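Here is a friendly walk through a two-chain model, meant to be read with the structure open beside you. Shall we take a look?

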Amino acid sequence: MSEPTIDLRAIWNESGVQAVLDKLDAELIGLAPVKKRIREIASLLVVDRVRRDMQLAAGAPSLHMSFTGNPGTGKTTVALRMADLLHKLGYSRTGHLVAVTRDDLVGQYIGHTAPKTKEVLKKAMGGVLFIDEAYYLYRPENERDYGQEAIEILLQVMENQRDDLVVILAGYKDRMDTFFRSNPGMSSRIAHHIDFPDYTDDELVSIGELILKDWNYGLSPRAKKVFRDYIERRRAQPHFANARSIRNALDRARLRQARRLLEDAGKVDKAALQTLEAEDILESRVLAGVRAVPEQKAGT
Amino acid sequence: MMTNPGNRVTQGQFSFLPDLTDAQITLQIKYALNNGWAVSVEYTDDPHPRNTYWEMYGNPMFDLKDPAGILMEINECRKTFPNHYVRVLAFNSVRGVESPAMSFIVNRPKNEPGFGLTRQEGPGRQVHYTITSYAATKPEGERYS
């Protein structure tokens with residue numbers, strides 16, 4: 001008698017994971033190592049599920065993750081997709097994402113931190129807890145800082161309620177490394193350390209086009225060339241935040257386009273409303289070479 | 001005649017049934033959450049039926065999506081007050097309702113001594129009835145230890 005076989009591919013298709021991964025591929029440019037890692041995690045979860053059905057040992061996998069990377073490399077977006085993915089695979093009951101920062105976890109005075117952290121944890125149960133800028137939780141320069149208390153509660157829940165909650169820590173690479181070095185307990189409880197690489201110039205152009213498509217805008221051929229040039233120069237400037245800088249630049253280009261349209265003719269057609277011309281981007285002070293005031297760090 | 005062996009306090013839902021398991025409690029809470037009710041945990045050691053307002057264990061939990069968080073709170077309350085009554089309350093905040101929609105006991109003392117009935121004869125031989133919990137003769141916090 002032969003052993004029964006299971007069509008892994010069929011289970012994969014049935015789970016709806018492919019749809020999430022396809023969406024990830026379509027909406028996120030670049031990030032090849034991240035996508036590869038997510039695909040691996042998804043595969044492991046599918047295989048684990050089959051193993052469990054066949055009564056093979058499959059310990060509840062540790063799904064806590066850490067996303068490190070420079071600003072604007074898509075950590076939050078990927079975390080959102082991850083919540084969806086885990087939900088489709090049945091490793092998260094609700095698939096909702098609770099995004100918090102230090103302020104939501106750490107209290108102001110003694111005895112304030114534990115209830116605050118617990119409340120956030122309770123809200124995130126059944127879904128994914130995304131802690132942005134997680135390194136702020138630990139402040140070595142102040143030994144009376146309440147962040148350590150929040151970390152301890154977090155660790156306890158991460159360990160004991162693995163079925164109920166997935167924690168994703170995010171932050172800039174170097175600071176997260178320091179954070180993990182000073183909190184070895186945290187580091188060892190996180191199975192997946194995923195590093196988000198910076199985007200190349202080509203990828204940033206594609207991202208810009210994708211953003212514009214979302215807004216129902218487009219670049220004229222000349223504007224496209226100028227935009228590429230803009231990206232190269234912008235990268236050399238301080239506070240470059242990858243995709244976020246691109247989004248902000250395009251936002252400003254939209255402002256200039258609106259002003260140009262009003263000043264120029266006053267009469268426009270649909271195409272003119274949709275097209276960003278080269279001069280909309282050329283007016284940027286990045287291209288003018290004026291570097292008097294560094295651009296403010298956008299967002300958080 | 002003993003109509004209620006063990007003198008179990010019967011307040012709220014399911015109180016005539018054997019104690020709910022954690023899995024059953026989870027399902028009940030899930031029902032409450034699906035209805036959009038805010039769930040809270042309360043405790044007391046005064047079993048008198050007119051003792052309506054119990055002590056709140058933490059704030060009511062709004063905006064929760066999953067029962068696991070509430071079960072965590074219940075277990076913490078059980079750990080803190082192993083010999084108290086602990087109940088779970090689901091509050092319906094819809095305008096015009098604004099009252100608890102569910103209430104059931106999830107933890108009770110090991111020993112429930114029950115109630116004594118006192119008859120007081122008033123003017124004209126009118127009888128006033130009073131029930132007193134045998135446990136409540138001791139001060140608060142020492143009643144079931």
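Predicted model: local features only at pLDDT ≥ 70, side-chain atom pairs only at ≥ 80, totals over all residues.

Residues are numbered from 1 along each chain as its sequence is written, while chains are lettered from A and ligands numbered from 1 in the order in which they are written.

**Chain A overall**
- Chain A has 15 helices and seven strands; helices (H or I, at least four residues) and strands (E, at least two) are DSSP runs, numbered from the N terminus.
- Taken along the principal axes, the C-alpha atoms of chain A fill a box of roughly 75 × 65 × 30 Å.
- Of the 300 residues in chain A, 34% are buried, a term for residues with 20 or more other C-beta atoms within 10 Å of their own, C-beta atoms being placed from the backbone (exposed means 12 or fewer, partly exposed in between).
- Among contacts in chain A between residues at least 6 apart in sequence, 77% join residues at least 24 apart; a contact means that the C-beta atoms, placed from the backbone, lie within 7 Å.

**The sheet in chain A**
- Five strands of chain A form an open sheet with parallel pairing, in the order S2-S3-S4-S1-S5; two strands pair if DSSP finds at least two bridges between them.
- Strand S2 (97–100) and strand S5 (192–196) of chain A are at the edges with a single partner strand each, so one side of each has no neighbour in the sheet.
- On average, neighbouring strands of this sheet are turned by 20 degrees against each other, direction ignored; angles run from 0 to 180 degrees between N-to-C directions, and axes are lines fitted to C-alpha atoms, for helices over the stretch in contact.
- Strand S3 (residues 128–131) and strand S4 (residues 166–171) of chain A run parallel and are joined by four bridges, with Phe130(A) opposite Ile168(A) in S4(A).

**Helix pairs in chain A**
- The axes of helix H2 (residues 17–27) and helix H3 (residues 32–53) of chain A come within 11 Å and cross at roughly 175 degrees.
- H2(A) is therefore roughly antiparallel to H3(A) (over 145 degrees; under 35 is roughly parallel, 65 to 115 roughly perpendicular, and the rest oblique).
- The residues of this contact of H2(A) with H3(A) comprise six nonpolar, no polar and three charged; Ala, Val, Leu, Ile, Met, Phe, Trp, Tyr, Cys and Pro count as nonpolar, Asp, Glu, Lys and Arg as charged, and the others, Gly among them, as polar.
- Helix H10 (residues 201–215) and helix H11 (residues 221–236) of chain A pack at about 125 degrees with their axes 10 Å apart, which makes H10(A) oblique to H11(A).

**Strand S3 of chain B**
- Six of the eight residues of strand S3 (residues 85–92) of chain B are buried, so S3(B) is largely enclosed by the rest of the structure.
- Strand S1 (residues 38–44) of chain B pairs with S3(B) in the antiparallel sense over seven bridges, and Tyr43(B) has Val86(B) as its bridge partner.
- S3(B) and S4(B) form a hairpin with six residues between them, and Gly96(B) in the turn has a positive phi of about 100 degrees.

**Where the chains meet**
- 12 residues of chain A are in contact with 10 residues of chain B.
- The side of chain A that touches chain B has three nonpolar, five polar and four charged residues.

Terms used:
Contact = placed C-beta atoms within 7 Å.
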